[in-house]
Amino acid sequence: MILVLGGARSGKSAYAEALIEAEPGPWLYLATAQAWDDEMRARIALHRARRPEGWITRDVPMALAEAVAGSTGPVLVDCLTLWLTNLILAEADVPAASAALVEACAAAPGPVILVSNEVGLGIVPENALARRFRDEAGRLHQRLAARAERVVLTVAGLPLVVKPPGGTP
Amino acid sequence: MILVLGGARSGKSAYAEALIEAEPGPWLYLATAQAWDDEMRARIALHRARRPEGWITRDVPMALAEAVAGSTGPVLVDCLTLWLTNLILAEADVPAASAALVEACAAAPGPVILVSNEVGLGIVPENALARRFRDEAGRLHQRLAARAERVVLTVAGLPLVVKPPGGTP
Amino acid sequence: MILVLGGARSGKSAYAEALIEAEPGPWLYLATAQAWDDEMRARIALHRARRPEGWITRDVPMALAEAVAGSTGPVLVDCLTLWLTNLILAEADVPAASAALVEACAAAPGPVILVSNEVGLGIVPENALARRFRDEAGRLHQRLAARAERVVLTVAGLPLVVKPPGGTP
């Protein structure tokens with residue numbers, strides 16, 4: 001399990017795709033984005049256009065643990081930020097869903113790479129929903145990072161290693 | 001002196017507590033939070049519940065330098081973000097208070113671990129008070145980091161070393 | 001080419017100035033700030049006051065590639081954040097200007113140090129212009145980082161190395 005955190009336009013998806021393409025395919029792409037406006041539709045199209053042949057794409061807005069559990073090879077989840085947003089908007093049980101995801105990733109037969117936005121390094125948002133989202137994202141990242149073999153933070157397209165394969169630096 | 005920076009829910013308090021518990025106790029916990037609403041009350045209760053026996057907790061919303069100066073063993077300050085907020089809201093002299101805090105930490109008989117939120121890595125806030133807060137926090141972190149023996153940035157519960165014990169990496 | 005990223009008040013300008021002053025001068029300072037209000041005027045004055053003798057300062061709100069191309073020694077660009085803001089407000093062609101800047105930096109006769117704010121690590125801004133700015137900044141940083149010899153992220157005045165001189169860590 002590898003967790004790829006990064007800011008907006010920090011190159012986290014491209015980095016994660018390059019990592020997984022180093023494994024033998026086919027690669028399963030679990031897309032959590034829901035195209036509810038034109039801006040999001042454009043972002044999704046841009047991400048799809050970058051992925052070459054050899055990828056199987058599935059739209060999984062919520063049932064991520066189940067989709068990972070059913071995988072047979074390398075999996076890329078892009079991204080946890082939107083998955084969490086979908087869960088919160090649907091008033092789902094976030095801690096239970098997070099725990100199930102962690103277990104599914106740890107038990108998956110192939111490598112699982114999870115991409116997520118780091119959103120906690122700005123000023124406290126004035127919006128209460130944004131504060132709740134930020135807290136849930138932080139907790140999810142901590143749970144996954146504790147079990148992941150590697151954690152990186154992408155900055156300007158480059159990986160800053162937070163947890164190297166052999167343990168804490 | 002150790003400075004532990006981190007985003008929201010990045011595990012900075014738990015990391016700092018684990019660091020200080022490696023030292024012989026009792027440990028002095030200087031809490032700067034003021035419970036002015038239910039959300040804050042819940043956060044404070046959560047932090048208190050995590051600390052086991054062996055901790056002495058003091059509420060110090062403003063007079064932090066004095067409290068550190070009066071310490072006789074390991075001290076954990078959690079967190080500077082709220083202390084700075086309290087100073088700004090009270091229209092106190094922030095540069096003078098910051099300078100006094102740095103000196104008190106450097107002169108303390110035991111280790112002093114300071115926890116603070118890194119808040120400067122998002123978009124410029126529209127709110128002028130938030131911009132001022134962000135500037136003051138950045139200046140305070142720079143002052144403390146220059147004198148600290150170690151500085152870490154917690155990401156997803158893991159420490160990214162910014163200043164290792166022996167100097168800049 | 002060296003890219004110095006950092007949050008608000010993270011010491012990125014002072015770090016970049018110290019780096020360039022290690023080279024033989026005179027040093028060319030390309031300032032992109034436009035003083036459109038008192039807050040900005042105060043920030044500019046503060047930055048100017050810190051630079052000692054030996055610096056040549058030019059105000060370059062937009063034509064940065066041209067100014068870098070015309071340089072004959074060490075150049076410090078402070079900062080790309082404001083340059084990008086100026087381009088966006090002028091409805092200029094940002095990708096073309098970014099590409100021209102990358103080429104000019106790569107071809108410059110002396111070292112070029114570029115300072116920019118990392119702004120992508122907070123919650124998604126509600127303001128559409130802020131979201132666009134954040135995306136453009138991220139793309140620009142990735143382009144520059146791919147060609148730079150060194151990339152650092154300053155945290156509390158200290159450099160966290162993202163790309164060391166010899167390549168990715």
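I'll start with helix α4 of chain A, residues 80-89: 8 of its 10 residues are buried, so the rest of the structure largely encloses this helix. Buried here is under 20% relative accessible area, exposed is over 50%, and partly exposed lies in between, with a 1.4 Å probe and protein chains only. Helices are DSSP runs of H or I of at least four residues, strands are runs of E of at least two, and both are numbered from the N terminus.

A word on the source: this is a predicted model, where local features need pLDDT of at least 70, side-chain atom pairs count only at pLDDT 80 or more, and totals for chains, interfaces and linings use all residues. Residues are numbered from 1 along each chain as its sequence is written, chains are lettered from A and ligands numbered from 1 in the order in which they are written, and side-chain values use heavy atoms, with hydrogens and water left out.

Back to α4(A). The buried residues include W83(A), N86(A) and I88(A). After the helix comes E91(A), with a positive phi near 55°.

Next, the cysteines. How many disulfides does the structure hold over all chains? The count is 0, taking a disulfide as a pair of cysteine sulfur atoms within 2.5 Å. For C105(A), the closest cysteine sulfur is in C79(A), 14 Å away, and that is too far for a bond. C105(A) is also buried, at 4% relative accessibility. In chain C, C105(C) is in no disulfide either, and the sulfur of C79(C) is the nearest, at 14 Å.

Last, the interface of chain C and chain A. Which residues meet there in a salt bridge? D135(C) and R9(A) do, at 3.5 Å, N to O. On the chain C side, α6(C) gives the largest share, 8 residues. In total, 22 residues of chain C are in contact with 25 of chain A, contact being heavy atoms within 4.5 Å.

Notes
Salt bridge = Lys/Arg side-chain N within 4 Å of Asp/Glu carboxyl O.
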